[in-house]
Amino acid sequence: VWRGRVLFVSFDDDCASYFVAQVTNALRRRLVGEGYLLTTVVASRSPRGDVSQLKTALGQSVDFVVLMYAAKHLERIVAASGFPSVVIYGDAAASRPSAWTIPFDLAEPVATFVSHCRNAGVQSVTEVRVSGCMWVSAAEELKAAGVRVRQMVIEPLDCGRHEGIERAAMEDFLKLKKSEFPDIFLFWDDFVAQGALTALLRNGVRIPEDVKVVVQSNKGLGPVFPQSLARFECDGAAVGEKVAAFVLGVLAKGRLPPGPRISPAYVFGKTFPWV
């Protein structure tokens, strides 16, 4: 007999995401070990898409809802159900008393990255992200350190989310001239990074001699490259464990745990070596 039921909600186009799978597996192991059934459902990233699985699941008995990423249309549906919830990588402010958010905390790793840039005499950084995704940035901290910052946005091709991101990044970077290169490309998406790195290699660009590279990566699975990558490394298993501990703390009567701190680690690599 289960003690209760926790609902885990992710985007339908994240079904092939290694990071989401790591979070889900760690969350399931911990919750099942404590006697809670974890039910997973998918919902559309778009407000106009299919959310029928979520609505059906919320029509049953649920003790807690975990939303993988912030999405206002999904948060409204969960709020209307009245069930307590937490959003992983959500906005800092909770929308109601029984709703919590866990922000993507970049303060410590970004400070290390900026210190690294100062040490290496970096003068310019281009931040590269994918359109429509969670926007993270080190721009303000870099500017405060006297570094010029430019943003570059990749528009995914219509051939499947992950493949579309990687191919679009490759096409954009194949067209990029060396005169447009900064000192560092900082990629805030691993599929963008993979496509861009492929294009740079095809164009004979030397890394880190011609341009340095820092990527966002998942622990255990990152972009493939001949050298070790300097990276902001996210640990999905650790995130799942921390979220599970938080959920179990909320479900324990009379005890409200502090919100967990979820932060990637800044890892030095040969694509931006420490000088």
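Which residues of α6 are buried?

## Helix α6

The model is predicted. In it, the buried residues of α6 are H162, G164, I165, A168, A169 and F173. Seen down the helix axis, these buried residues fall within an arc of 165 degrees, so they line one face of α6.

Helix α6 covers residues 161-174, 14 residues in total. From first C-alpha to last it reaches 20 Å, close to the 20 Å expected at 1.5 Å a residue. The cover over its buried residues includes strands β6 (124-130), β7 (148-154) and β8 (184-187), along with helix α7 (190-202).

## Nonpolar cores

The largest nonpolar core has 64 residues. V66 and F113 have the most contacts inside it. Helix α8 (residues 236-251) gives the most to this core, with 7 residues. Apart from it lies another core, of 26 residues, including M152, V192, L197 and V213.

Beyond its neighbours within four places in sequence, F113 is in contact with L142, I184, L186, V214, F232, Y266 and F272.

## Aromatic pairs

The whole structure holds 17 aromatic pairs. F113 and F232 form an edge-to-face pair, 5.8 Å centre to centre, with 65 degrees between the planes.

F173 lies in helix α6 and F187 in strand β8, 14 residues apart. F173 is buried at a relative accessible area of 1%, and F187 is buried at 0%.

Ring pairs also link F113, W188, F232, Y266, F268, F272 and W274 into a cluster.

Key: Residues are numbered from 1 along each chain as its sequence is written. This is a predicted model: local features need pLDDT of at least 70, side-chain atom pairs count only at pLDDT 80 or more; totals for chains, interfaces and linings use all residues. Side-chain values use heavy atoms; hydrogens and water are left out. Helices (H or I, at least four residues) and strands (E, at least two) are DSSP runs, numbered from the N terminus. The expected span of a helix is 1.5 Å times one less than its number of residues. Buried means under 20% relative accessible area, exposed over 50%, partly exposed in between (1.4 Å probe, protein chains only). The arc is that of the directions from the helix axis to the C-beta atoms. Contact means heavy atoms within 4.5 Å. A nonpolar core is a set of buried Ala, Val, Leu, Ile, Met, Phe, Trp, Tyr and Cys residues joined through side-chain atoms within 4.5 Å. Rings of Phe, Tyr and Trp (its six-membered ring) pair if their centres lie within 6.5 Å; planes under 30 degrees apart count as stacked, over 60 as edge-to-face and the rest as tilted.
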